[in-house]
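Biologist: Can you walk me through this model? I am new to reading structures.

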Amino acid sequence: MAASDMMSALMELCQERHIDQLYLIDRLEQSLAKSYAEILHLEWGAKVTIDRTTGKIYVYRLEPIDDSMDEEGNFTEFEEIDVTPKNTSRIAAQHAKAEINAIVRNSAREQIYEEFSGRIGDLISGTVLQSTPDFTIVKIRDGVEAELPHFDQRRYENERNERPMGERYLHNQHIKAVIIDVCDPNSNLQPVRGEHSRPPIVISRTHPELMRRLFEQEVPEIYEGTVQIKSIAREPGQRSKVAVHSLDDRLDPVGACVGPKGSRVRAVVGELRGERVDVILWDADPAVYVANALSPAKVTRVLIDEEKAYAGVIVPDDQLSLAIGKEGQNARLAARLTGWHIDIKSETLAADILKNVPVHEEPAADLIGDEEDDVRRCEYVSEDGIQCRNQARPGSRFCGVHDTDAFDDAEDLI
């Protein structure tokens, strides 16, 4: 290919791909200079110049000028000696193809970053293009794709898992998710494995914000701001709790979210593939809020210790397993939703404690247990080395949340 023909082809390609011509030529000169320095074994490097009119390529060997050394011992001026080899167009064409592909790819990622970096937390709807064991590629629209990662974090500690347990995606399947990250192509941070070949948009189906956006879509009162979602606690794919509050005293926020015959909450559950959703009423009174959060269990009494952020909850004997939930799930979600450490006891277990507490004193600390009393405290120790503050069940070393024997009873009730 003649130099002029190559230059004409480059210019046409720049117009077609919307690439700045001078920027492309500068990138080609830098890339060719590195290649020719290696090919010709030039000690001090090479300089390449491309004639903007004819497209002819000139290669110069750089030789340092003796009098140009600075204080640090580096040469600042070089003599340029023409060493242009024959048939430079072939090598230039190969570099031009690589540079154009890199520029187009980086330009597309920059445009996506500019458009979507301000949309983190937004709900998107897309079509599954490809699903692998580690991630799923979702098409948002023509030319824009997103990644739903579900890496095995035991093997890849620095990767994410944003897929609810048990979900699988088929080709051309429509799914909804929220944007949680958009990779900056110009970032100086160390890229993760294969980042440059993966879509720059990262989406999630496990993030609590997905629940908020789905309710906004289904419940006009939430979208308009009349009903507020105060808090969300999720165990993706299994169960969630949503606390709602109405700014209008005449409007029931729970009823608004559930909808006629449960139509609104059923639509959310359908999008979440059957994940159970409990909509509960938020209250400024912590005792009422905690009692609501333990729904569907009935609560007899809630005793608050604000200094320690503990809530002692008394439930009827036949409601204890329901309040704790299967494997402690109901109590765990209620604690996350309210931000309080919840200690659940049956009426029988709490009777001996309550009858000895004066009415004017705050009995929550007695229900929870003394810090120094390890005799009746649950022996469960978390991964952080913190011992559970709940009282052990009669005849057991663990509380109702951590007593595996109680889980079987809870499962039978639920």
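**Surface, core and strands**

Modeller: The accessible surface of the protein comes to about 23200 Å², and 46% of it belongs to carbon and sulfur atoms (Shrake-Rupley method, 1.4 Å probe; for residues, only the protein chains shown count as cover). This is a predicted model, where local features need pLDDT of at least 70 and side-chain atom pairs count only at pLDDT 80 or more, while totals for chains, interfaces and linings use all residues. Residues are numbered from 1 along each chain as its sequence is written, and side-chain values use heavy atoms, with hydrogens and water left out.

Biologist: How many helices and strands does the protein have?

Modeller: There are 13 helices and 14 strands. These are DSSP runs numbered from the N terminus: helices are H or I with at least four residues, strands are E with at least two.

Biologist: What percentage of the residues count as buried?

Modeller: Of the 414 residues, 43% do. Buried means under 20% relative accessible area, exposed over 50%, and partly exposed in between (1.4 Å probe, protein chains only).

Biologist: Which residues touch the most other members of the largest nonpolar core?

Modeller: Val-290, Val-302, Val-313, Leu-337, Ile-342 and Ile-344, in a core of 24 residues. A nonpolar core is a set of buried Ala, Val, Leu, Ile, Met, Phe, Trp, Tyr and Cys residues joined through side-chain atoms within 4.5 Å. The elements that each supply at least two residues of this core include α8 (286–293), α10 (329–338) and β14 (341–346).

Biologist: What does Val-313 touch?

Modeller: Its contacts (heavy atoms within 4.5 Å) include Val-290, Val-302, Ile-342 and Ile-344, not counting residues up to four places away in sequence.

Biologist: New topic. Which strands form the closed barrel?

Modeller: Five strands, in the order β4-β5-β6-β8-β7, with mixed pairing. Two strands pair if DSSP finds at least two bridges between them. β4 (residues 123–131) and β5 (residues 135–141) are antiparallel, with four bridges, and Gln-130 stands opposite Ile-137 in β5.

Biologist: Which strands does helix α4 lie across?

Modeller: Helix α4 (residues 208–218) lies across β4, β7 (174–182) and β8 (201–204), at about 130 degrees to β7. Axes are lines fitted to C-alpha atoms, for helices over the stretch in contact, and angles run from 0 to 180 degrees between N-to-C directions.

Biologist: And β9, is that mostly covered or mostly open?

Modeller: Mostly covered, with seven of its nine residues buried. β9 runs antiparallel to β10 (residues 239–246), joined by eight bridges. The two form a hairpin with three residues between them, and Gly-237 in the turn has a positive phi of about 85 degrees.

Biologist: Where is Glu-235?

Modeller: Glu-235 is in β9 (residues 227–235). With a relative accessible area of 11%, Glu-235 is buried. Its side chain makes a polar contact with the side chain of Arg-332 at 2.7 Å. A polar contact is a pair of N or O atoms within 3.5 Å; within protein, one must be able to donate a hydrogen and the other to accept it, and residues adjacent in sequence count only if both atoms are side-chain atoms.

Biologist: Which peptide bond is cis?

Modeller: The one from Ser-295 to Pro-296, with omega near 15 degrees. Pro-296 lies in the loop between α8 and β12.

Biologist: Last one: is Lys-261 buried or exposed?

Modeller: Lys-261 is exposed, because its relative accessible area is 81%. Lys-261 has a positive phi, near 55 degrees, though the residue is not glycine.
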